[in-house]
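I opened my notebook for a quick look at one chain. Here is what I looked up, in the order I went.

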Amino acid sequence: MERPLLPLRSALVFLMAVISGMTAGCLCWIAGEGVARGVLAGLAVVGLSVPFFDRLIAREAAGDPCGEVHEHG
């Protein structure tokens, strides 16, 4: 059986980043800024949202919604 190209978590992070970028680009274009500025805004949002969603999912995957590290001892 072949392994997937990307783990599910990485695919989810990239998918949410692309959806965010497309939304921002479309909103910028609808606001009348033009296609070029919409594309640039969308690419900027994709670049900024990848680390955001990566940290957001990593924090929730650990089981602690606050992201705090608890020491047991």
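**Whole chain**

I began with burial: buried residues (under 20% relative accessible area, 1.4 Å probe, protein chains only; exposed is over 50%, partly exposed in between) make up 15% of the 73 residues in the chain. I kept in mind that this is a predicted model, where local features need pLDDT of at least 70, side-chain atom pairs count only at pLDDT 80 or more, and totals for chains, interfaces and linings use all residues. Residues are numbered from 1 along each chain as its sequence is written, and side-chain values use heavy atoms, with hydrogens and water left out.

I found two helices and zero strands (DSSP runs numbered from the N terminus: H or I of at least four residues, E of at least two). Of the contacts (heavy atoms within 4.5 Å) with a separation of 6 or more, 62% join residues 24 or more positions apart.

**S49**

I then went to S49 in helix α2, residues 35-61. Is S49 buried or exposed? S49 counts as buried because its relative accessibility is 8%. Its side chain reaches the backbone oxygen of V46 at 3.3 Å. Leaving out residues up to four places away in sequence, S49 touches A17 and S20.

**Nonpolar patch**

Helix α2 gives the most, with four residues, and α1 (8-30) supplies at least two. I checked L43, which sits in α2: it counts as exposed because its relative accessibility is 55%.

Terms used. A polar contact is a pair of N or O atoms within 3.5 Å; within protein, one must be able to donate a hydrogen and the other to accept it, and residues adjacent in sequence count only if both atoms are side-chain atoms.
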